[in-house]
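User: I would like to go through the labels used for this structure and see what stands behind each one. Please set every value against its definition.

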Amino acid sequence: MSDATPPSSAPIAFVGGGNMARSLIGGLIARGADPARIRVAEPVPALRDALARDFGVPVFERGEDAVEGAQVWLLAVKPQVMREVCGSLATQARAQAPLAISIAAGITAGQLDRWLGGGAAVVRAMPNTPALLGAGITGLYANDAARPRFDQAAELLSAVGPTVRIDDEAQMDAVTAVSGSGPAYVFLLAEAMQQAGEAQGLDSDAARALVVQTLLGAATMLRDSEESAATLRARVTSPGGTTQAAMETFEAGGLRELVARAIAAATERGRQLSAANE
């Protein structure tokens, strides 16, 4: 098969129609993709009907029907059923030689290749939940067979936010720990900041509004500024001021070390999950 990007008329098959698949489908259509070329397999009738109603895409109960004729497959099923699903598609994978993109955490490219019958072009993708709002980021790793087609995968996943190319698959566990799990860290910080504000006398609505907009504004500054996080932090921290008092408390409490341990723990858990799927 050619390594060139497939024509716009070539179908894309989604195997699994859950929240992340819905966000990708919605992003693709918002960017001008023809709904008729997006084929979706989803075994749950209510979800399948909702996909057809909301996006106008062809839907199927079985993955084997959805992938027929598709050059790109987006595997969006739960990790615990991925082996079974890939096994059911292995004959077609060998015949069609698709680009297979998996968004399942803890499933390696080698496992996907074996389960799809060998010789498969596989890309592992780790999006995060802000993708549901089109504000995600996705780490992408391509095996040797998929590297000439990496841009196809990046283009598809960019429908829900920017992508980062990862050349060493072992680093995908760190991607999961930093960005895949990362939104939960921010939510925990927001929760703690709101509770602390309320403890200082703010009502809950005011505390929430202040925290949410502060996090959004700070993230926007990080994204749009060429300055590092350390430089931006120092700029806000006037000597002897209120911010310095807070920063000294964070440092004394070991915030940096705690974050490092948390991300290391999440990374190790990702490795354990990958090993458990062997």
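Analyst: One term to begin with: contact means heavy atoms within 4.5 Å. This is a predicted model, in which local features need pLDDT of at least 70, side-chain atom pairs count only at pLDDT 80 or more, and totals for chains, interfaces and linings use all residues. Residues are numbered from 1 along each chain as its sequence is written, and side-chain values use heavy atoms, with hydrogens and water left out.

User: With which residues is L112 in contact, leaving aside its neighbours within four places in sequence?

Analyst: Under that rule, L112 touches L75, M82, C86, S102, I107, V122 and R124. L112 sits in helix α5 (residues 109-115). Helices (H or I, at least four residues) and strands (E, at least two) are DSSP runs, numbered from the N terminus. The C-alpha atoms of L112 and G87 are separated by 9.5 Å, and the two residues are 25 apart along the chain.

User: Why does L112 count as buried?

Analyst: Buried means under 20% relative accessible area, exposed over 50%, and partly exposed in between (1.4 Å probe, protein chains only). L112 has 1% relative accessibility, so it counts as buried.

User: What makes helix α6 largely enclosed by the rest of the structure?

Analyst: Six of the eight residues of α6 (residues 150-157) are buried, so the helix is largely enclosed. Those buried residues are F150, Q152, A153, A154, L156 and L157.

User: Why is the pairing of D54 and R53 called a salt bridge?

Analyst: A salt bridge is a side-chain nitrogen of Lys or Arg within 4 Å of a carboxyl oxygen of Asp or Glu. For D54 and R53 the N to O distance is 3.4 Å, so the pair meets the rule. Side chains of opposite charge can pair when their charged atoms come close. R22, R53 and D54 are linked in a network of salt bridges. By this rule the count comes to 12.

User: Why is R53 called exposed, and D54 partly exposed?

Analyst: R53 is at 62% relative accessibility, so it counts as exposed. D54 has a relative accessible area of 39%, so it is partly exposed.

User: What makes R256 and E251 a salt bridge, and are they buried or partly exposed?

Analyst: The N to O distance is 3.0 Å, so R256 and E251 qualify. R256 is at 49% and therefore partly exposed. E251, at 42%, is partly exposed.

User: What lines the second largest pocket?

Analyst: The lining has 33 residues, with G16, G18, A76, V77 and K78 nearest the centre of the pocket. On a 1 Å grid over the protein atoms alone, a pocket is an open set of points where a 1.4 Å probe fits, with protein on both sides within 12 Å along at least five of seven lines; lining residues have an atom within 4 Å of a point. α1 (19-30), α3 (63-66) and α4 (79-96) each supply at least two lining residues. The largest share, six residues, comes from α4.
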